[in-house]
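This report goes from the overall fold to a single residue. The terms are defined where they are first used.

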Amino acid sequence: CPLHPFHATERLVAAPVDGNEAACPNCYCLICDARVSECRHWRGGEPRVPAHCNAHAGSAEWRTQRSNAKRQRTRAARAARDPLGLG
């Protein structure tokens, strides 16, 4: 975001780092692939769930988090289309 500076962190942490939680209405969550306002984990707060506001594509750990989240979204979308698993 050009309005809010980002501070990259390599490790997955449960709380925002150095103001990373600041976002404008156009900011997207790298992990959820959705607007920040739709991300339940933007500021963290849940045990064992890193704060998504710290995510960046330059980290292998964050890329893994993104890949896992995308896989979960795909499964959920398939289940919604075919709730009985027949298709």
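## Basis and fold

Helices (H or I, at least four residues) and strands (E, at least two) are DSSP runs, numbered from the N terminus. By that rule the protein has 1 helix and 2 strands, in the order β-β-α along the sequence.

The model is predicted: local features need pLDDT of at least 70, side-chain atom pairs count only at pLDDT 80 or more, and totals for chains, interfaces and linings use all residues. Residues are numbered from 1 along each chain as its sequence is written, and side-chain values use heavy atoms, with hydrogens and water left out.

## Extent and burial

The C-alpha trace spans about 50 × 25 × 25 Å along its principal axes. Of the 87 residues, 29% count as buried; buried means under 20% relative accessible area, exposed over 50%, and partly exposed in between (1.4 Å probe, protein chains only).

Contact means heavy atoms within 4.5 Å. Of the contacts with a separation of 6 or more, 51% are between residues 24 or more positions apart.

## R73

R73 is part of helix α1, which covers residues 60-81. Its relative accessible area is 33%, so R73 is classed as partly exposed.

Beyond its neighbours within four places in sequence, R73 is in contact with I31, C32 and D33. R73 and C32 are 41 residues apart along the chain, and their C-alpha atoms are separated by 8.7 Å. A polar atom of the R73 side chain lies 3.0 Å from the backbone oxygen of I31.

Key. Polar contact = N/O pair within 3.5 Å; in protein donor to acceptor, adjacent residues only side chain to side chain.
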